[in-house]
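Okay, thanks for coming, everyone. Let me put the chain up on the screen and we'll walk through it.

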Amino acid sequence: MTLPPIDIAIPAIFAGPVRPLGPKAVPSAIDRQPVAGPVWLGPLGIVGDGRGDRRHHGGPEKALHHYAFDHYPWWRQRLDADGPDAPPPLTALLSHPGAFGENLTSTGLTETDICIGDRFRLGQTVIEVSQGRQPCFRLNLRFGRPDMSRGVQTSHRTGWYYRVIRPGRIAPGDRLVLIARPQPLWPLARVLAVLNGRHPDPARAMADLPQPEISTTGLKSLAALPQLASSWRDLARKRLASGRIEDQRRRLDGA
């Protein structure tokens, strides 16, 4: 199979320590800042990059998070971040990359363009797409909106995670080059559609969650997809066994 010519610049890399977030001082590293030079990327992520909740964030399957700057204009419009009544912190937050706590930013690559298992060369490293993001309530605190995590999930603008195949140094300005695509039939957008469904009314996508029908065929395929993160394969198996979508309120709302 001929590989798509994906070769894009990574203009900024973000990392940072755990800090208190929101009125209850929830531990979070979502306020990552641009790094000035080369950093070491190991199996668990960038050295010095924190995780506020190591049970659900981080680990080898979520070593590095990539979010498309292509989505920022959509978010500014959806949240009316450029309107006269927009809170200045929201306008500032969406004026530059880093708002979603991403480690990598780029333009020209979104959830429809990458597939599970895609391998990329970045600097000295080789990284592999493992899963999408399952947004949590920390996004609500970050943006000052109780519906932000739900909006990220229902819009399928989640970003994605990499596992690290070969550690090494990466630096702002390095190019992300596709070197292997073992699962061309499984772009991340398709995976998200199987797991999350598509909201029938985009105008309400920030207000409630769709209740996708259980796709037995789709979930069976995900459960057997070897490059998919083990936690997502387990999730597919659990939904197959139960025939329903689990309660997501604790993750999305902090309830």
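So, of the 255 residues in the protein chain, 53% count as buried, where buried means under 20% relative accessible area, exposed over 50%, and partly exposed in between, with a 1.4 Å probe and protein chains only. Keep in mind this is a predicted model: local features need pLDDT of at least 70, side-chain atom pairs count only at pLDDT 80 or more, and totals for chains, interfaces and linings use all residues. Residues are numbered from 1 along each chain as its sequence is written, and side-chain values use heavy atoms, with hydrogens and water left out.

Secondary structure: eight helices and 14 strands, taken as DSSP runs numbered from the N terminus, helices being H or I of at least four residues and strands E of at least two.

Now, helix H6, residues 216-223. Which residues are buried there? Gly218, Leu219, Leu222 and Ala223. Down the axis, those fall within an arc of 135°, so they line one face of H6; the arc is that of the directions from the helix axis to the C-beta atoms. They pack against helix H5 (188-196) and helix H7 (230-242), with contact meaning heavy atoms within 4.5 Å. Thr217 and Lys220 are exposed, on the face turned away from the buried side.

Last stop, a sheet. It's open, three strands, ordered E7-E6-E13, with antiparallel pairing; strands pair if DSSP finds at least two bridges between them. E7 (45-46) and E13 (168-170) are the edges, each with a single partner strand, so one side of each has no neighbour in the sheet. E6, residues 39-42, pairs with E7 over two bridges, and Leu41 sits opposite Ile46 in E7.
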